[in-house]
Amino acid sequence: MENILHLKVIGVVGMLGAGMLLAGCKSAPPLDKAQALAMIQAKYDQAAPAGVNIVVNDQGMGEGVIAKYWVETKRYPNGYWGDFTLTPDGKKLVKLQSGGDVIQWHPTTVKDPNYNVILVTLVTHHLKARDITDPQDEVLPGADTAKGADYSEAVDMEGIPGPLQDIAHNPGNQLSIKRHADFALENGVWKLRSTE
């Protein structure tokens with residue numbers, strides 16, 4: 001009978017100890033998609049706004065002439081080289097990454113698929129974070145509790161005229177890329193640790 005009493009006392013003490021241990025452990029607060037996305041966007045919003053780099057290929061050169069962003073000012077004897085000067089409307093929208101206001105279109109062949117020039121929009125924006133996945137538990141060096149999520153980093157084309165947006169959607173341009181964000185729990189609060 002005494003052994004049974006000892007076993008009951010040990011059982012009760014064990015249960016109380018386990019309960020106290022569990023009560024002392026705090027579970028991590030939830031991190032949902034909206035919170036994660038807001039932290040990433042806040043990081044982008046703190047950076048200086050920038051113009052959009054637009055790769056202009058042969059098709060884009062023609063679209064720019066039609067939109068009156070640039071005009072041909074010189075044709076070379078080989079028939080496919082040309083110099084194109086930005087129009088006043090073009091100068092309000094873009095600048096040449098290489099500087100100046102003359103696009104020197106000098107491809108190797110008539111339809112050289114790799115020849116392009118890069119323009120930078122004068123309309124500036126912050127990058128946009130979109131399409132985030134549910135944050136998942138992960139191991140992160142230096143963090144006891146961590147989560148990670150994949151998302152899309154996209155260029156904001158708001159305020160850029162339709163014809164220039166069309167040029168930006170031609171091959172060679174990447175307006176959205178997949179990224180991964182790491183979050184760490186610090187002092188009971190989720191913090192964005194890094195994006196890659």
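Select residues 70–75 and 82–86: strands E2 and E3 pair here in the antiparallel sense, over five bridges. Keep in mind that the model is predicted.

Zoom in on Lys-74. Opposite Lys-74 stands Asp-83 of E3.

Next, follow the chain from E2 into E3. The two strands form a hairpin, with six residues between them. Pick Gly-79 in the turn: its phi is positive, about 90 degrees.

Now colour E3 by burial. Five of its five residues are buried, so the strand is mostly covered, given that buried means under 20% relative accessible area. Show the side chains as well. In a regular strand, they alternate between the two faces of the sheet. In E3, Gly-82, Phe-84 and Leu-86 point one way. Asp-83 and Thr-85 point the other way.

Which residue of E5 is the bridge partner of Phe-84? Select Ile-103 to see that partner.

Phe-84 is one of the residues that line the largest pocket. That pocket has a volume of about 170 Å³.

Last, colour the lining by residue class. Six residues are nonpolar, one is polar and three are charged.

Terms used. Residues are numbered from 1 along each chain as its sequence is written. This is a predicted model: local features need pLDDT of at least 70, side-chain atom pairs count only at pLDDT 80 or more; totals for chains, interfaces and linings use all residues. Side-chain values use heavy atoms; hydrogens and water are left out. On a 1 Å grid over the protein atoms alone, a cavity is a set of points where a 1.4 Å probe fits but cannot get out, and a pocket is an open set with protein on both sides within 12 Å along at least five of seven lines; lining residues have an atom within 4 Å of a point. Grid points are joined across faces, edges and corners, and a volume is the space filled by probe spheres set on the points. Ala, Val, Leu, Ile, Met, Phe, Trp, Tyr, Cys and Pro count as nonpolar, Asp, Glu, Lys and Arg as charged, and the others, Gly among them, as polar. Buried means under 20% relative accessible area, exposed over 50%, partly exposed in between (1.4 Å probe, protein chains only). Helices (H or I, at least four residues) and strands (E, at least two) are DSSP runs, numbered from the N terminus. Two strands pair if DSSP finds at least two bridges between them.
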